[in-house]
Amino acid sequence: MVKCLILKIGVTLISEINEIGADVGEPDCQLTNPFRVTDEEELVRWPGVTDQRTLLMQSDSILTIVDPSKSILDKYNEVIKWEF
């Protein structure tokens, strides 16, 4: 399921997201192929310091989760198709 995540730090991501079982305080969301959405609606690999395609995040870092607009989802699917 591809969603947009607005993080508490003000960053907007688009990613496949899955909830995983975890103990309190441990990461409980798995993000696959996350990209940051810029103000210009461009997609930038996130985080830029790794080539890792799957990462774990604590859900308490997320302010809200929303469905991506059609244009953003289309861009995401295009980037994923060419990048991998």
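Since the model is predicted, local features need pLDDT of at least 70 and side-chain atom pairs count only at pLDDT 80 or more, while totals for chains, interfaces and linings use all residues. Residues are numbered from 1 along each chain as its sequence is written, and side-chain values use heavy atoms, with hydrogens and water left out.

**Exercise 1. Find the residues of the largest nonpolar core, and say which elements give two or more residues to it.**

Step 1: A nonpolar core is a set of buried Ala, Val, Leu, Ile, Met, Phe, Trp, Tyr and Cys residues joined through side-chain atoms within 4.5 Å. Buried means under 20% relative accessible area, exposed means over 50%, and partly exposed is in between (1.4 Å probe, protein chains only).

Step 2: List the members. There are 11 of them: Leu-5, Leu-7, Val-11, Leu-13, Ile-17, Cys-29, Leu-31, Trp-46, Leu-55, Met-57 and Ile-62.

Step 3: Look for the elements. Those that give two or more residues are β1 (2–7), β2 (12–19), β3 (29–37) and β5 (54–57). Strands (E, at least two residues) and helices (H or I, at least four) are DSSP runs, numbered from the N terminus.

Step 4: Check what else is there. Apart from this core lies another one, of eight residues, including Ile-14, Val-37, Ile-72 and Tyr-76.

As background, nonpolar side chains tend to be buried together in soluble globular proteins.

**Exercise 2. Pick out what Trp-46 is in contact with, leaving aside its neighbours within four places in sequence.**

Step 1: Contact means heavy atoms within 4.5 Å.

Step 2: Now go through the partners of Trp-46: Leu-7, Val-11, Leu-13, Leu-31, Pro-34, Phe-35, Arg-36, Leu-55 and Met-57.

**Exercise 3. Work out how the rings of Phe-35 and Tyr-76 are arranged, and where the two residues lie.**

Step 1: Rings of Phe, Tyr and Trp (its six-membered ring) pair if their centres lie within 6.5 Å; planes under 30 degrees apart count as stacked, over 60 as edge-to-face and the rest as tilted. The structure holds one aromatic pair.

Step 2: The ring centres of Phe-35 and Tyr-76 are 6.0 Å apart and the planes sit at 85°, so the pair is edge-to-face.

Step 3: Phe-35 belongs to strand β3 and Tyr-76 to helix α1 (residues 70–83), so the pair ties together parts that are 41 residues apart in sequence. Phe-35 and Tyr-76 are both buried.

**Exercise 4. Track down the three salt bridges and describe their partners.**

Step 1: A salt bridge is a side-chain nitrogen of Lys or Arg within 4 Å of a carboxyl oxygen of Asp or Glu.

Step 2: Take Asp-67 and Lys-3, whose side chains meet at 2.3 Å, N to O. Asp-67 is in the loop between β6 (62–66) and α1 and Lys-3 is in strand β1, so this pair ties together parts that are 64 residues apart in sequence. Asp-67 counts as exposed at 56% relative accessibility, whereas Lys-3 counts as buried at 17%.

Step 3: Go to Lys-70 and Asp-74, with closest N and O atoms 2.8 Å apart. Both lie in helix α1, four residues apart, about one turn of the helix. Lys-70 is exposed at 62%, and Asp-74 is partly exposed at 38%.

Step 4: Finish with Glu-78 and Lys-81, whose closest N and O atoms are 3.6 Å apart. These two also lie in helix α1, three residues apart, about one turn of the helix. Glu-78 is partly exposed at 38%, while Lys-81 is exposed at 54%.
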